[in-house]
Number of protein chains: 4
Amino acid sequence: MAKKIPVAILGASGYTGAELVRLLYNHPHAEIISLAAETNAGKEMAEVYPHLRALDLPKITTLPEVKWNEIQAVFCCLPHAASQEIIAQLPRNLRIIDLSADFRIYDGATYEKWYGHPHKALGLQKEAVYGLSEIYRAAIKNARLVANPGCYPTSALLPLVPLMNSGKISLDGIIIDAKSGVTGAGRKALQENLFAEINEDVRAYSVGGHRHVAEIEQTLSAAALGTKVTVTFTPQVVPMNRGILSTIYLKMVPGIVAAELKEILELQYENELFVKIMPMGHAPSTREVKGANHCFINVFEDRSPGRAIIVSVIDNLVKGASGQAVQNFNIMFGFPEDTGLNQVAVFP
Amino acid sequence: MAKKIPVAILGASGYTGAELVRLLYNHPHAEIISLAAETNAGKEMAEVYPHLRALDLPKITTLPEVKWNEIQAVFCCLPHAASQEIIAQLPRNLRIIDLSADFRIYDGATYEKWYGHPHKALGLQKEAVYGLSEIYRAAIKNARLVANPGCYPTSALLPLVPLMNSGKISLDGIIIDAKSGVTGAGRKALQENLFAEINEDVRAYSVGGHRHVAEIEQTLSAAALGTKVTVTFTPQVVPMNRGILSTIYLKMVPGIVAAELKEILELQYENELFVKIMPMGHAPSTREVKGANHCFINVFEDRSPGRAIIVSVIDNLVKGASGQAVQNFNIMFGFPEDTGLNQVAVFP
Amino acid sequence: MAKKIPVAILGASGYTGAELVRLLYNHPHAEIISLAAETNAGKEMAEVYPHLRALDLPKITTLPEVKWNEIQAVFCCLPHAASQEIIAQLPRNLRIIDLSADFRIYDGATYEKWYGHPHKALGLQKEAVYGLSEIYRAAIKNARLVANPGCYPTSALLPLVPLMNSGKISLDGIIIDAKSGVTGAGRKALQENLFAEINEDVRAYSVGGHRHVAEIEQTLSAAALGTKVTVTFTPQVVPMNRGILSTIYLKMVPGIVAAELKEILELQYENELFVKIMPMGHAPSTREVKGANHCFINVFEDRSPGRAIIVSVIDNLVKGASGQAVQNFNIMFGFPEDTGLNQVAVFP
Amino acid sequence: MAKKIPVAILGASGYTGAELVRLLYNHPHAEIISLAAETNAGKEMAEVYPHLRALDLPKITTLPEVKWNEIQAVFCCLPHAASQEIIAQLPRNLRIIDLSADFRIYDGATYEKWYGHPHKALGLQKEAVYGLSEIYRAAIKNARLVANPGCYPTSALLPLVPLMNSGKISLDGIIIDAKSGVTGAGRKALQENLFAEINEDVRAYSVGGHRHVAEIEQTLSAAALGTKVTVTFTPQVVPMNRGILSTIYLKMVPGIVAAELKEILELQYENELFVKIMPMGHAPSTREVKGANHCFINVFEDRSPGRAIIVSVIDNLVKGASGQAVQNFNIMFGFPEDTGLNQVAVFP
């Protein structure tokens, strides 16, 4: 058996860190050597996440205590802004998958506009590869630094990039109405995310301008061969832990019908392990992908002539974060893409 | 004190029937004389709905057992199709608020197209008044038969009708993405609505063609002075009991900005008790109206130029059904519109 | 109509404060004159609780800004320990209903043992009346300071006190296994109460020694004519907003059967508006009392000979807190006990 | 690699059937050859459970269509009563793990008392081994027919059997107060299990006499060396999909303290992979075992002298059903006990 790649998880006490532990613990070619997290340094992982108690895991350390020389790959789950500072200081021989937003935007000015401060590692920003696995597989393979996509963008771009490439859809008027479980907001103690505040509620937020728009538009504009694409994007929180359902409204180029869009996606993804186009008429729902690295997609003809509706679902913590990170790890190190990612969805 | 209007609730064992009991029980000018429901006839209401045990209510009877000669107003919560047959046989002196879809569509052919069978009471269909209280108040006042609007349409039409009237928005490209609690599906034992199927799930259904489109388009086309309006409408079920949040995407007439749309709505609803336009930047969420007869609305400028986003929330069982029914009852009988409807929203 | 009693709510930005607003807003004999809360002073109540936006409420002030000379009754929802300091300084002419734990324990040493510090207002502690409305109605009527009972104790004591009085149950071996919604923990931003932590979880806490044991035992010991009663009490949090279900395990005095216990409770509560004994075999559940001031109780024969099981449910924010507080207000000021408390339970 | 054991799942369209698919699909020594289910025969599993769409599974067939001669092991998820009739007709060479209640009770009269009809396969009933893996491992190894324990009994017996064996606890007065997620009730369309009925509710049922008492008492009586043990057991449903938390109240033999009970359990389970005794003071909660085959247990000293409280949690669909079934399969066929059962708990 191949030697295991020794990995570190930085920011291990957030939800994406814990999810990486779940996915990597049984990965045949990865071994978790270090778990680092500032506030919880010194604790056992089981004190922070009691569901991991039965596992044999290293103690959480501070960042400086990580044994950098023993490690080959780093999963970075630190908050954005912090991430760029830490990663800039890591040894150059490490291969890094960054789950923050810090390296997703190629352009310094665009980054600054959406994130409110100048980027502190512009060189790395240019080096980074956007880790939408099925689309940028070739570049990811050789990347030293992969910027793991946001959860909302993953759910929207997997159907939209091939369609944009095809030239069969209108560049304007794309609307992405996304519904997310609460874990997308992380584990920080915020009043607005208390159980009693989220339960029995649906809320929209950042209406008209959420940060994830930046990476969606950057990627779609590239797919449109450089024509700037502007999208409408509304994120909403629904009372569940995991899952994103994106309902996407499109205008088609004259003469095109929804069935043709579906064919494009079927062709694009026919050999993919994780992206599946649903049978005629079935609208996928988030429970179908819970705990698994899948993206399930379907295309519907709208009754407004010339319009199509796409429904796309992922688990925000898996394909929308830690699962795609492991997939990118597999691509980077030459393992079959589903290594360690064969978990069956957990339903009910 | 004014004499109380004796009322009957037909179809009392569904969720809208139980909600009518909640709202009418303390209504100072209404008295529940009869509760009718086929399957549960002979039972006490407390056997069907144990949360009503402390109330002094009549026993559930069959429809023929209702003392029609003692009753002045009927709330009809029967399933559609059944409703039109029953209502056609009721004494002409009764004033009726029908919560089914049966009398919402004025046109026989349109009804047949969406509901799959010819209407059996076309004359009544023409007589019926669409009970969107704030918009059709004058007609409701004198109506014998009020067709209480659907829950989704109520949440969408309250913001859209005044805007359509104003001529400031484009007639085409209106998209209504709605998220609903599960009670909208009623109390029928369906596998798909079991707790374990709905919990931790968001699902879209009837994508590209839900029946409620018919009444939305009928009403918007009237507001557009007869120009046929076609909308895109996607309903979605989220894991909560009550509430609808509609996210509405609009194109504005050139030169118009979102703030002007908001002003139109503020002007339209400034004296209304139940429809409230939110302060700048606040996206209302469903918990804010739970248990109350409110519709909370806000308008946002989209970052796509020329586009606006509206967020509108109601409790589907109150303003979306039984609450609006009581409001219509108040209008019909000349009581102040909020009589019996002063319940404060229940949060958390 | 009687003049309205001007009231203040101190600690208005917690859940019990908001619930008092819901219940008092339509109370025909109370008027909310002041809302005070340290952290949110200066804000409109609608900024803190958007579901109250449609109400006409005073702005939140600091405590010193309350117009004490205009007020007759105070509802105090401050945290325990803070409450005793504030109340000690209030004008003597005010009648006070304290929802904290501060004045529930008559004995200074017992208070100190459970709450970890000496009581700072021992005189008031002795003056206070324990506000279990149905049991101590006469004393509440004349009290200046009422200590509103805890939520768990209310659910347990309403069935247990009459049984203890009757001498038909064993003093030892009483076990109270309670399941509560999350609002019992308040609105403080704690990681452990985030939606994603509570959802899909049941947890026990303070196993073997929760503070509410003190007031349960104090009250039961009084009912046992001074014999010290020790109970076993386990609180558990379940993923819902409101409601407490207490399952109570009892040994009966030899020769007694469960039906006799039920008769005792039926006799005790036959004229009560809020406490209802269920029909044979029906185990009440929390949804039956959600939003209402009820306590629903039933008694079951256990298959272990000589044992009975009681199931008792309340809404922790209503009968377990703010509703019982309003009930006590009504008793203190001579209004019918259900004034302002006729809300029908909200289901679903 | 060892040849895979070909297995059939009968009753594949229930929740335990789908969970077996999740656990067996990646099992290195099992291969699902047949899926049978009466009502859904002829369908793809993905039509019944869309979360299994990405898997390569056989089509669902009727029972007679199962290729019995190709199969070595059968997992039977049929409803009780049906199960005994089917199993009685299966070829004698098959090894069977029955997840129904049919073969859990050794005594015909006891079975008839609790299940309301005479057992139709009394011979098999005597042959069957009760499949509480950690307790009856040796007998399971050689069994042809294993009766997989009920979910509630598993959570209660894992802590209670060793304590009963030890003679350190009182035989009488054992109280098991259990809280379960809804999947324990299966996928049948019942009004009482609709989302809107379960959400925001806790309910007790079968108070004083649930069928699972029979297997609990049978097993505890055996552990008490034949002295008949009678327990009090109250099941409760809480609004979540998965998980059981049992709070168990015990009296200890004079002179014993809770720490000694804990030591007994630590000793008993120190080498077990799935049963873990928690560190001092930590009350395990259901989210800690969700999706995993664990049972987490802790023991607490009660403040009532001589009493201890045990908290025990499992995932009702895993250790409480399909996971324990796979564990028993591993024992029966000589595989390491955690083969295919290394899933990390899924949190949040």
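## A walk through chains A, B and C

Start with chains A and C: 100% of the interface residues of chain A are also interface residues in chain C, so the copies meet through the same surface (contact means heavy atoms within 4.5 Å). What you have open is a predicted model, in which local features need pLDDT of at least 70, side-chain atom pairs count only at pLDDT 80 or more, and totals for chains, interfaces and linings use all residues. Residues are numbered from 1 along each chain as its sequence is written, chains are lettered from A and ligands numbered from 1 in the order in which they are written, and side-chain values use heavy atoms, with hydrogens and water left out.

Now superpose chain A on chain C: a 180 degrees rotation with 0.0 Å of shift along its axis does it, at RMSD 0.0 Å (least squares on the C-alpha atoms of residues with pLDDT of at least 70 in both).

Next, bring in chain B. Chain B goes onto chain A by a rotation of 180 degrees, again with 0.0 Å of shift along the axis and RMSD 0.0 Å. These two copies are thus related as by a two-fold rotation axis. As for surfaces, 100% of the interface residues of chain B are interface residues in chain A too, so the copies meet through the same surface.

Stay in chain B and select residues 133-142 (helix H6) and 318-333 (helix H11): they pack at about 40 degrees, axes 10 Å apart. Helices (H or I, at least four residues) and strands (E, at least two) are DSSP runs, numbered from the N terminus; axes are lines fitted to C-alpha atoms, for helices over the stretch in contact, and angles run from 0 to 180 degrees between N-to-C directions.

Hop over to chain C for an open, mixed sheet of 7 strands, ordered E9-E10-E8-E11-E14-E13-E12 (two strands pair if DSSP finds at least two bridges between them). E9 (203-204) and E12 (275-277) of chain C are the edges, each with a single partner strand, so one side of each has no neighbour in the sheet. Select E11 (244-251) and E14 (307-314) of chain C: they pair antiparallel over 8 bridges. There, Thr247(C) sits opposite Val311(C) in E14(C).
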